[in-house]
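Try each task before reading its solution.

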Amino acid sequence: MIRKSQLFTVLYILAFPVFGYGNYYGLKNGLSKGFMLSVAPFVAIILIHLVDAVYRRDMGRVLRPLWWLCMAYIATLAISQFVALRNGIPGVQLGNALLSCLLYAAPFIASVIVIIHNRHDPAFDFGQVLFIAIGTLLAFNILGYFAGFRSFGHSFEGRANFPFLRGIYTGAHLLSIWALMLLARMRGAARRPVATALAIAGLLIALFFMLKINSRLSTLIFMLLFALFITRAIKVARGLYVISLFTLPLLLSFSLLVYQVVSTPFFASILGRVSKEDVTSFNGRSYIWEAIGDWAFNDRTGILFGNGYKGHYALRLYDQVAVMWGEPHSYNIHSHSTFAEVLVSQGIVAVALLYILFYKGFTHYRREYLQGTAQAPLFAGISYLLFIWQIDIFCYGTDIGHSIFLAMLAPLCVRGLAQAPAS
């Protein structure tokens, strides 16, 4: 007989490939329809829980204060949608605004529910559940890729474009998170030769597709963290969180150094795209980041509470970038940075909330990693997110990086969680 806790866990794992297929379906048939499909399994978990909660009166007492901080950040995302409605941003309608709000919140709430229903089981390991869920989504995309499904999202000819994701670089980020978590799980390798051989095969497959996707920044960050984790230097690395806060200005300041690195024979052979203008402008992203910098230092309209979803269009921040890129308008251009997108759309208050959430997650999982607990692999995943949220849109809003980051925080939101044995 299947227990409720097992049902929630299975539903949660299956929700990830369904989320991915919703991206594909939405880009082909309309975003609102895709959002409804993507969020459906998470909503199912919430509804089943609510029915169960009628008979269980103690559910509300298991939540820690971090839950409210996470919900406060989600609230800033939701408010930004309604500000966009008021501002008349093209493409933003009441229906898709409400669906976006549901997609912001439902995966996180479902993550917490799964943990609540398994919290008394000492064998339960949410990190493993999340690892399997991400792996299932990747396997679904790889199968779709070889089956000939075509991506309807942001893609490039001649590079690996996973069909069931919103953009080509999302695949690189998911592969990096999964591979780093897999590396952190490879403890006691000498005692488990078969499992180790399978893990190495998984790492090689992930690396193969990373190089096929050919995301330069993602590859550089992955290789840096891979080196730190495989040598265990991450245990003594200090100030990683503080350094990550300056990822964006450091990249802009040392763009020529980045070009020198990626133009070395090793990186040139695996990345291929080493045009000086392309690399030093980060494929044109620096023009957007500089426009945001000018606004933050000279204009500052709405800098405290934001300018709403796609607030850059209300401010006309990217009009010159649109002209440079040959685009007829700028409202579909995004900042290629979760930090920058949140700053413009939701303001400094929301950025501060994100800083706190990342700090809480990073310090908690670093401690778990140093102690060698079952949650240790999540430290590898959140370390990658710590850098990538500064320089990509992956962790923003309805993209799956947002859901993965908040899922990593979910164990910190539940009281009385039994400690799983170290893997």
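**Exercise 1: the largest pocket**

Helix 2 (31-53), helix 4 (94-118) and helix 6 (168-185) each give at least two residues to the lining of the largest pocket. This is a predicted model, where local features need pLDDT of at least 70, side-chain atom pairs count only at pLDDT 80 or more, and totals for chains, interfaces and linings use all residues. Residues are numbered from 1 along each chain as its sequence is written, and side-chain values use heavy atoms, with hydrogens and water left out.

Task: find how many residues line the largest pocket, and which lie nearest its centre.

Solution. 
- Start with the lining: 38 residues.
- Nearest the centre are Arg-166, Lys-310, Asn-332, Ile-333 and His-334.
- Sort the lining by class: 15 residues are nonpolar, 16 polar and 7 charged. (Ala, Val, Leu, Ile, Met, Phe, Trp, Tyr, Cys and Pro count as nonpolar, Asp, Glu, Lys and Arg as charged, and the others, Gly among them, as polar.)

**Exercise 2: Leu-138**

Task: which residues does Leu-138 touch, not counting those up to four places away in sequence?

Solution. 
- Leu-138 belongs to helix 5 (residues 126-146). At 4% relative accessibility, Leu-138 is buried.
- The partners are Phe-162, Gly-171, Leu-174, Leu-175 and Trp-178.
- Take Gly-171: it is 33 residues from Leu-138 in sequence, yet the C-alpha atoms are 7.8 Å apart.

**Exercise 3: a helix pair**

Task: at what angle do helix 6 and helix 8 (residues 216-230) pack?

Solution. 
- The angle is about 5 degrees, and the axes of helix 6 and helix 8 are 10 Å apart. (Axes are lines fitted to C-alpha atoms, for helices over the stretch in contact, and angles run from 0 to 180 degrees between N-to-C directions.)
- Helix 6 is therefore roughly parallel to helix 8. (Angles under 35 degrees count as roughly parallel.)
- Contact residues include Ala-172 and Leu-183 of helix 6, and Phe-222 and Ile-230 of helix 8.
- By class, the residues of this contact are 9 nonpolar, 3 polar and no charged.

How values were computed. On a 1 Å grid over the protein atoms alone, a cavity is a set of points where a 1.4 Å probe fits but cannot get out, and a pocket is an open set with protein on both sides within 12 Å along at least five of seven lines; lining residues have an atom within 4 Å of a point. Helices (H or I, at least four residues) and strands (E, at least two) are DSSP runs, numbered from the N terminus. Angles under 35 degrees count as roughly parallel, over 145 as roughly antiparallel, 65 to 115 as roughly perpendicular and the rest as oblique. Contact means heavy atoms within 4.5 Å. Buried means under 20% relative accessible area, exposed over 50%, partly exposed in between (1.4 Å probe, protein chains only).
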